[in-house]
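Thank you for asking me to look over this model. My notes follow as numbered points, meant for someone who has not seen the structure before.

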Amino acid sequence: MSAEKRVVSGSQRKTDRDNIALRPRRLADMLGQDRVRENLSILIEAAAARSEPIDHVLFYGPPGLGKTSLAYVIANEVAGNIRVTAGPAIERAGDLAAILTHLKQGDILFIDEVHRLGKAVEEILYPAMEDFVLDIVIGKGPAAKTLRLNLPRFTVIGATTRLALLAAPLRDRFGARFRLDFYEQKPMQRIVLRAARLLNVEISDDGAQEIARRARGTPRVGLRLLRRVRDYAEARADGVITLAVTQAALALMEIDTLGLDDIDRRILRIIIEKYSGGPVGLDTIAAAISEDSATIMDVYEPYLIQLGFIDRTPRGRACTRHAYRHLGISLPEADDDESQRALLL
Ligand code: ADP
C-alpha cells in the first residue's frame, strides 16, 4: 500500500472512530426532535410495563437527521441486540430468512433504505412482522410444501428517505411512524457544542452558533462542518474555534450564510439562468450539473424546499423569488401564468 493510501485510510479510521464516539447512546443524548423523543419514550415505557418488545418503528425524512442513531438509541434503551442491514443488501428471500432465524426475543432488526427491499423479500417480511412466523417453501411444483416456523418476538426499525416509495402493506405493518424534520437552530447548536466537547475541541458560543446556522438543520452536516472548521483552526489559527475562525473556514469551503454549497447554488442557477426560473424536470437539472437525480432529490432539494427557494410543480421544479434574492439575481418580468405564480411564492 502506498504511503498516501495509508494516510487516507488512517484518517478514514479516525473519522469512523469520531462518528461512533459522537453517536448519541440514550434518548437523553439525542438533542432536538422533542416530539419524536417523547413519543418514543412512551412507546418504550409502555412496552416495558407489559414486558413486551416494542412495536415496529418507521423513521422517515432526509438523510443525516438521526434515523440510524435513533435505532441504536432504542436498542440501548430496551437493552436489546441490534442487527443492522439495508434494503439493497437483502437480495434474496433466503437472505432475510437467514437473518430472521438468528434473531432472539426482543432483538432489533434495523433496515435502512427499507423502500429498496425487493418484492420477494417483502413477502417474507409481512408474516414475520405481523405474526412472527416464517413461511418456508420446500420443493417445487405440485409437491411443494410450506413449512411454518415460529419466530421470537422482535422489532423491525425501518428507515427511509422516500416514504412514498414504500409499499403500502409494508408501511402499514409499522405500528409507530415518525417523520424527522430539519433541526431548529437551538438544538443544532447544542449538538455542535456536545460534539466539540466529545472531540476535545475548544469552541466559543458564537462559533458554535455560526456552524449551527449553516448546518442546513442537519446534524450530519453540522458535525462535518465542525470537523472541517476544527482542521482550519488547528492549521491556520491557535486551535480554538471562534466566530472569526468559523467564518474564514466556511468562506474557504464556499459555504454561504444559509449553509448552501456550490452544488445547491448550481442547481438554483441552472433553473434560473438556463430555464428562466423553471419549471424544469429533475432529470434535466441532474444532467446539467452532472449529479444523480436521486441525490438531488434526497440530499439537496429538501433543504432548498424548506428554505422556500424551490417549488415542486407538476411540470417540474421552479425557483421562487427568495432564490433570486439570495443569489442577487434580479427578477425577470413574468411572462406566463405559471412563472408568475412561482415568482409570487
Ligand atoms: P440518518 O440515519 O438519518 O441518515 P444518522 O443517524 O446517521 O442519520 O445521523 C447522522 C449523524 O448525526 C450521526 O453522526 C449522529 O451521531 C448525529 N446525530 C443525528 N441526530 C443527532 C441528535 N439528535 N443529537 C446528536 N447527534 C445526532
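**Notes on the model**

1. I begin with a pairing inside the sheet: leucine 58 has arginine 177, in β7, as its bridge partner. Strand β7 covers residues 176-179 and runs parallel to β1, to which four bridges join it. On β6, the residue opposite leucine 58 is glycine 158, and β1 (residues 57-60) pairs with β6 over four bridges, again in the parallel sense. Two strands are called paired if DSSP finds at least two bridges between them.

2. The model is predicted, so that local features need pLDDT of at least 70 and side-chain atom pairs count only at pLDDT 80 or more, while totals for chains, interfaces and linings use all residues. Residues are numbered from 1 along each chain as its sequence is written, and side-chain values use heavy atoms, with hydrogens and water left out.

3. For orientation, the protein chain has 15 helices and nine strands, where helices (H or I, at least four residues) and strands (E, at least two) are DSSP runs numbered from the N terminus. The C-alpha trace spans about 70 × 55 × 50 Å along its principal axes. Of the 345 residues in the protein chain, 46% are buried, that is, under 20% relative accessible area, with exposed meaning over 50% and partly exposed in between (1.4 Å probe, protein chains only).

4. Which residues are closest to the ligand? They are Leu31, Gly64, Lys67, Thr68 and Ser69, within a shell of 17 residues that surround the ligand, a residue being near if one of its heavy atoms lies within 4 Å. By class the shell has ten nonpolar, four polar and three charged residues; here Ala, Val, Leu, Ile, Met, Phe, Trp, Tyr, Cys and Pro count as nonpolar, Asp, Glu, Lys and Arg as charged, and the others, Gly among them, as polar.

5. An oxygen atom of the ligand is 2.8 Å from a backbone N or O atom of glycine 64, and a ligand oxygen lies 2.6 Å from a side-chain N or O atom of threonine 68. The side chain of tyrosine 183 has an N or O atom 3.1 Å from a nitrogen atom of the ligand. Helices α3 (67-77) and α9 (219-236) are the elements that give two or more residues to the shell.

6. Arginine 216 deserves a look, since it is buried at a relative accessible area of 7%. This residue sits in the loop between α8 (205-213) and α9, and a polar atom of the arginine 216 side chain lies 3.4 Å from the backbone oxygen of glycine 259.

7. Valine 36, in helix α2 (residues 34-49), is buried at 1% relative accessibility. Although valine 36 and phenylalanine 178 are 142 residues apart in sequence, their C-alpha atoms are 6.5 Å apart in space.

Conventions:
Polar contact = N/O pair within 3.5 Å; in protein donor to acceptor, adjacent residues only side chain to side chain.
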